[in-house]
Amino acid sequence: MSLRIGIIGAGAIGTDHARRITNTLSGAQVVAVTDVNPEQAHTLIDGLQLKAQVYRDGHELIHAESVDAILVTSWGPTHEEFVLAAIAAGKYVFCEKPLATTADGCRHIVDAEINAGKRLVQVGFMRPYDSGYRQLKQAIDAGEIGAPLMVHCAHRNPSVPESYVTPMAIHDTLIHELDVLRWLLDDDYVSAQVVFPRKTRHAHSKVADPQIVLLETRKGVRIDVEIFVNCRYGYDIQCAVVGEEGIANLPEPQSLLMRKDAMHYARVLTDWKQRFIDAYDSELQAFIKDIQNGALSGPSAWDGFAAAIAADACVKAQDSGRIETIEMPTRPAFYA
Ligand code: NAP
């Protein structure tokens with residue numbers, strides 16, 4: 001039977017997920033939508049010609065009998081409340097990042113899920129579903145490059161709006177590296193430092209850009225992540241894992257190789273949505289399939305919590321200029 005999904009938040013990613021559920025994925029349909037602005041919910045439904053109902057608010061949607069599972073794609077500060085309500089209602093919930101805006105908020109969700117006795121939450125960290133990162137993980141797990149020693153990463157955007165301020169480089173941008181690198185290395189972070197190179201003239205006054213985040217893991221791996229959100233030339237994600245026996249690089253997205261005007265070049269993507277479009281499809285398809293099989297396997301509430309703890313330490317390090325310790329609690333057996 002088709003899984004009946006309700007969407008809370010009919011903005012950019014909510015609409016995008018509704019489109020993929022309706023046009024690309026199998027096994028689910030969107031039956032309910034809500035948004036603080038009801039017109040927005042109607043626009044989503046009309047745009048995709050859905051037979052779905054608009055609900056007054058997220059809580060009414062969560063409790064609707066016609067809804068089997070929830071997608072939380074509203075504004076970040078609302079996530080904790082809706083995820084907790086979904087757990088209390090015993091319904092599966094896919095929550096876009098952040099799981100909650102504070103580590104304490106994530107911990108409340110972890111505790112509620114453990115009390116419910118069953119994994120009900122998947123966090124919208126899509127990079128573990130990207131085929132390039134999966135190839136990297138396979139190579140590392142198979143021992144092809146020996147033990148990982150260092151990781152060099154870059155997360156570059158062409159530009160960001162005036163609303164993007166310095167801590168967002170961590171909470172909105174680095175958060176994806178914080179998640180995917182834990183998964184890639186099967187490790188946890190123990191410390192973070194942030195250093196600020198010369199500022200680009202293309203950055204507005206409220207964002208320090210670029211930044212370099214230096215992380216250390218329990219196993220002693222050293223990671224550097226360049227965050228450069230006004231790099232102008234494109235949306236570019238780089239990841240090179242240096243091991244004892246060799247180096248594994250994240251593959252470049254497919255792009256035509258051009259020879260023209262005495263040049264030899266390949267185009268770089270500019271839109272983040274395009275870079276990970278297959279991964280967004282795969283993460284949601286996995287959520288739907290896992291529910292049908294009765295057990296979630298994607299990024300968990302614990303992963304959301306771990307990323308939030310590391311992110312808080314990075315923001316502290318931005319302010320202090322010092323190396324900040326990351327205190328990661330022991331992972332409960334529930335999330336083994
Ligand atoms: P957006 O376009 O602003 O959409 C959010 C929508 O939720 C807006 O329509 C907003 O209405 C609505 N909303 C806010 N509070 C609500 C509430 N209490 N109940 C119902 N609807 C509510 O933002 P977005 O870009 O789609 O991002 C949404 C979330 O997805 C964010 O947490 C973001 O970090 C995450 N995200 C993740 C990725 C990823 O790569 N995984 C990519 C993009 C976004 P108003 O506009 O009227 O406030």
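This is a predicted model: local features need pLDDT of at least 70, side-chain atom pairs count only at pLDDT 80 or more; totals for chains, interfaces and linings use all residues.
Trainee: What makes you say that domain 1 and domain 2 are in contact?

Mentor: Contact means heavy atoms within 4.5 Å. By that test, 24 residues of domain 1 are in contact with 21 residues of domain 2. Together the two domains bury about 2,000 Å² between them, and 66% of that is on carbon and sulfur atoms. On the domain 1 side, F125, R127 and W302 lose the most area to domain 2, together 45% of what that side buries.

Trainee: And how many salt bridges are counted between domain 1 and domain 2?

Mentor: The count there is 2 salt bridges, while the structure holds 16.

Trainee: What about D16 and R19, how do you know they form a salt bridge?

Mentor: Try the cut-off again. The closest N and O atoms of D16 and R19 are 3.5 Å apart, so this pair is within 4 Å too. Both residues lie in helix α1 (residues 12-23), 3 residues apart, which is about one turn of the helix.

Trainee: Now the second largest pocket. Why do you say it lies between the domains?

Mentor: Domain 1 and domain 2 both give residues to its lining, so the second largest pocket lies between them. Its volume is about 510 Å³.

Trainee: Which residues lie nearest the centre of that pocket?

Mentor: Of the 21 residues that line it, W183, S297, G298, D303 and R331 lie nearest the centre. The elements giving two or more residues to the lining are α6 (131-141), α7 (168-185) and α10 (301-320). The largest share, 3 residues, comes from α7.

Trainee: What makes up the lining by class?

Mentor: There are 8 nonpolar, 3 polar and 10 charged residues in the lining of the second largest pocket. Asp, Glu, Lys and Arg count as charged, so D303 and R331 belong in that class.

Trainee: Let's turn to the backbone. What is omega for the cis peptide bond from K97 to P98?

Mentor: That cis bond has omega near -5°, and P98 lies in the loop between β5 (92-95) and α5 (103-116). The peptide bond from D209 to P210 is also cis, with omega near 0°. You'll find P210 in the loop between β8 (189-195) and β9 (211-217).

Trainee: And what is the phi of Q49?

Mentor: Q49 has a positive phi of about 50°, although it is not a glycine. Look for Q49 in the loop between α2 (38-47) and β3 (53-54).

Key: Residues are numbered from 1 along each chain as its sequence is written. Side-chain values use heavy atoms; hydrogens and water are left out. On a 1 Å grid over the protein atoms alone, a cavity is a set of points where a 1.4 Å probe fits but cannot get out, and a pocket is an open set with protein on both sides within 12 Å along at least five of seven lines; lining residues have an atom within 4 Å of a point. Grid points are joined across faces, edges and corners, and a volume is the space filled by probe spheres set on the points. Helices (H or I, at least four residues) and strands (E, at least two) are DSSP runs, numbered from the N terminus. Domain bounds come from an automatic or database domain assignment. Buried area is the accessible area (1.4 Å probe) that two parts lose on being put together, summed over both. A salt bridge is a side-chain nitrogen of Lys or Arg within 4 Å of a carboxyl oxygen of Asp or Glu.
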